[in-house]
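Thanks for passing this one along. Here are my notes, as numbered points, for you to read with the model open beside them.

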Amino acid sequence: MPDSNSDSSTQPQLSALQQKVKLARRVTLISFALLLIGLTGSVFSGDTSPRLLILVLLPLLIFLPGILKSQPRSLILLCFVSLLYFCVITLNVFKSDRSIYDILALVSVVVLFIVSMFFSRWQKKLNYQEDKS
């Protein structure tokens, strides 16, 4: 009897966790896309060479397959890389010639860091619970 009782209490927890993971995945993808748009707009709105766009976007695009596959390790590494982008974008926001794209990039990188951190944690927990059952 205790076995069936624990299964019934685990099921709502698993369902709630699946909903959190689904929402975090959506917000991660949206903030990732907004960050790419913000960085692209920032490069094109300034006097920076468009050739540098590849150097700006490539480190982020490396993580796209891991985000799409919901791999916790890729999400954790994305958090570290997003901190580097945060440092550079913050400097750009405080320049006198900032653009709306810099502010968009700043907001999206902050959201990306926070949500991908939770997403990786919840996805790892979900993987563990699914393997356990």
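This is a predicted model: local features need pLDDT of at least 70, side-chain atom pairs count only at pLDDT 80 or more; totals for chains, interfaces and linings use all residues.

1. The largest share belongs to α4, with five residues.

2. Staying with the largest pocket, its volume is about 500 Å³. The lining has 21 residues, and Ser 42, Val 43, Thr 48, Asn 92 and Asp 102 are the ones that lie nearest the centre.

3. The chain holds five helices and zero strands, and reading along the sequence gives the pattern α-α-α-α-α.

4. What about the overall dimensions? The C-alpha trace spans about 70 × 25 × 20 Å along its principal axes. The radius of gyration of the chain is 18 Å, whereas a compact globule of 133 residues would have one near 14 Å. As for burial, 33% of the 133 residues count as buried.

5. Helix α4 deserves a paragraph of its own. With 22 residues, α4 reaches 30 Å from its first C-alpha to its last, close to the 32 Å expected at 1.5 Å a residue. Its buried residues are Pro 72, Ser 74, Leu 75, Leu 78, Cys 79, Val 81, Ser 82, Tyr 85, Ile 89 and Val 93.

6. Take Val 81 as one of the buried residues in α4. Its relative accessibility is 17%, and it counts as buried because that value is under the 20% cut-off. Val 81 and Phe 113 are 32 residues apart along the chain, yet their C-alpha atoms are separated by 9.1 Å.

7. Leu 29, for its part, is found in helix α1. With 25% relative accessibility, Leu 29 counts as partly exposed.

8. How many disulfides does the model contain? The count comes to zero. Cys 79 is in no disulfide, as the nearest cysteine sulfur, that of Cys 87, is 14 Å away, and a disulfide would need the two sulfur atoms within 2.5 Å. Cys 87 is likewise in no disulfide, with the sulfur of Cys 79 being its nearest at 14 Å.

9. Are these two cysteines buried or exposed? Cys 79 is buried, with a relative accessible area of 8%. Cys 87 is partly exposed, at a relative accessible area of 47%.

10. One backbone point is worth a look when you go through the loops. Ser 70 has a positive phi of about 55°, although it is not a glycine. Most residues other than glycine have a negative phi. Ser 70 sits in the loop between α3 (64–68) and α4, and Ser 70 is buried, with a relative accessible area of 13%.

Conventions:
Residues are numbered from 1 along each chain as its sequence is written. Side-chain values use heavy atoms; hydrogens and water are left out. Buried means under 20% relative accessible area, exposed over 50%, partly exposed in between (1.4 Å probe, protein chains only). On a 1 Å grid over the protein atoms alone, a cavity is a set of points where a 1.4 Å probe fits but cannot get out, and a pocket is an open set with protein on both sides within 12 Å along at least five of seven lines; lining residues have an atom within 4 Å of a point. Grid points are joined across faces, edges and corners, and a volume is the space filled by probe spheres set on the points. Helices (H or I, at least four residues) and strands (E, at least two) are DSSP runs, numbered from the N terminus. The expected span of a helix is 1.5 Å times one less than its number of residues. The radius of gyration is taken over C-alpha atoms; the globule rule is 2.2 Å times the number of residues to the power 0.38.
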